[in-house]
Amino acid sequence: GSGEKMVLCCSGSSDLGQITDIVARRLRDEGVRKMNCLAVIGAGIEKSIENFKTKDILMIDGCPVDCGKKILDKFGFENYQYIRLTDLGLQKGNTQVSEESVATAFEHAKTFV
């Protein structure tokens, strides 16, 4: 329903993309936010886009390319929260996908409630 907490992530092919996906799934598994599919928006599925616009969205991108943010902006999303993992000190191509790196991102993401 309206105001439901949702998380979207870039799930890109890099180490940071993998971390965004793990963090989003952990937020879902711990009942913090419902995870949904960013590709639905990128594909232009209008019914889902309009539904998602009623949600409290947290978008997690891995790197400064900001793919997820650009998709949301392109489809008219205006009121969402945003995290970029490189802003947390993680480096694309140089960050091990480990419990430590996931925990760093997850703990930060949990503050967006």
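The model is predicted, so local features need pLDDT of at least 70 and side-chain atom pairs count only at pLDDT 80 or more, while totals for chains, interfaces and linings use all residues. Residues are numbered from 1 along each chain as its sequence is written, and side-chain values use heavy atoms, with hydrogens and water left out.

**Helices H1 and H5**

- The pair to look at is H1 (residues 15-29) and H5 (residues 99-110), whose axes come within 9 Å and cross at roughly 55 degrees.
- That angle makes H1 oblique to H5 (under 35 degrees is roughly parallel, over 145 roughly antiparallel, 65 to 115 roughly perpendicular, and the rest oblique).
- On the H1 side, the contact (heavy atoms within 4.5 Å) uses Ile19, Ile22, Val23, Arg26 and Leu27, and these meet Glu99, Ser101, Val102, Ala105, Phe106, Ala109 and Lys110 in H5.
- Sorted by type, the contact residues give 8 nonpolar, 1 polar and 3 charged (Ala, Val, Leu, Ile, Met, Phe, Trp, Tyr, Cys and Pro are nonpolar, Asp, Glu, Lys and Arg charged, and the others, Gly among them, polar).

**Cysteines**

- The disulfide count is 0, taking a disulfide as a pair of cysteine sulfur atoms within 2.5 Å.
- For Cys37, the closest cysteine sulfur belongs to Cys9 and sits 9.0 Å away, too far for a bond.
- Cys63 is in no disulfide either, with the nearest cysteine sulfur, that of Cys67, 6.3 Å away.
- Cys37 is partly exposed at 34% relative accessible area, whereas Cys63 counts as buried at 11% (buried is under 20%, exposed over 50%, partly exposed in between, with a 1.4 Å probe and protein chains only).

Methods:
Axes fitted to C-alpha atoms, helices over the stretch in contact; angles between N-to-C directions. Helix = DSSP H or I, 4+ residues; strand = E, 2+ residues; numbered from the N terminus.
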